[in-house]
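Welcome! Here is a short tour of the charged pairs and the pockets in this structure.

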Amino acid sequence: PTLKSIAVDAASSGNPGLMEYRAVDVQNQKELFHQGPFEDGTNNVGEFLALVHGLAFLKTINSTRPLYTDSKTAISWVLKKRCNTQLSKTLKNKVLFELIDRAEAWLNNNTYDTEILKWETKYWGEIPADFGRK
């Protein structure tokens with residue numbers, strides 16, 4: 001992996017369940033942002049939100065660093081600019097759906113040059129942003 005990069009990951013306890021996501025600098029392992037926990041979330045929703053948050057974060061600081069995720073699903077959703085979740089809306093996850101709407105709007109209203117790369121867990125071990133709860 002490229003050390004001058006950031007990595008994002010999500011974790012959920014249950015599916016749906018409590019979900020959170022974060023980003024870390026791959027080089028120094030410093031946490032760059034952390035959101036949650038959110039109730040009634042899923043891992044895929046978290047991975048999607050983390051990836052869009054990472055894109056927006058890098059654009060805000062004018063960084064050309066690549067962005068790693070270990071989620072093929074999140075990559076495909078970001079490329080389609082749509083969170084294709086089957087998650088049902090509940091009172092508990094109202095905030096999550098507001099974040100999904102914001103993320104989709106960001107994708108539709110912004111361009112980015114950030115390279116989104118797949119973290120190869122099989123060869124490199126867990127992604128640096130992993131929550132270590134397996």
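Asp25 and Arg65 join their side chains in a salt bridge, with 2.8 Å from N to O. This pair ties together distant parts of the chain, 40 residues apart: Asp25 sits in strand β2 (residues 17–25), and Arg65 in the loop between α1 and β4 (67–69). Please keep in mind that the model is predicted.

**Burial of this pair**
- Asp25 is buried, at a relative accessible area of 11%.
- Arg65 counts as buried too, with 18% relative accessibility.

**The other salt bridges**
- The structure has three salt bridges.
- One of them brings together the side chains of Glu31 and Arg22, at 3.1 Å from N to O.
- In that pair, Glu31 is partly exposed, with a relative accessible area of 38%, while Arg22 is buried at 17%.
- Another links the side chains of Lys94 and Glu98, at 2.9 Å from N to O.
- Lys94 and Glu98 lie about one helical turn from each other, because they are four residues apart in helix α3.
- Glu98 is partly exposed, with a relative accessible area of 38%.

**The largest pocket**
- This pocket holds about 220 Å³ of space.
- Its lining includes Tyr21, Gln35, His53, Arg102 and Trp106.
- Helices α1 (43–60) and α3 (94–109) each contribute at least two lining residues.
- Seven residues of the lining are nonpolar, two are polar and one is charged.

**The second largest pocket**
- Here the volume is about 160 Å³.
- Among the residues lining this pocket are Leu58, Lys59, Asn62, Tyr112 and Asp113.
- The lining divides into five polar, two nonpolar and two charged residues.

Methods: Residues are numbered from 1 along each chain as its sequence is written. This is a predicted model: local features need pLDDT of at least 70, side-chain atom pairs count only at pLDDT 80 or more; totals for chains, interfaces and linings use all residues. Side-chain values use heavy atoms; hydrogens and water are left out. On a 1 Å grid over the protein atoms alone, a cavity is a set of points where a 1.4 Å probe fits but cannot get out, and a pocket is an open set with protein on both sides within 12 Å along at least five of seven lines; lining residues have an atom within 4 Å of a point. Grid points are joined across faces, edges and corners, and a volume is the space filled by probe spheres set on the points. Ala, Val, Leu, Ile, Met, Phe, Trp, Tyr, Cys and Pro count as nonpolar, Asp, Glu, Lys and Arg as charged, and the others, Gly among them, as polar. A salt bridge is a side-chain nitrogen of Lys or Arg within 4 Å of a carboxyl oxygen of Asp or Glu. Buried means under 20% relative accessible area, exposed over 50%, partly exposed in between (1.4 Å probe, protein chains only).
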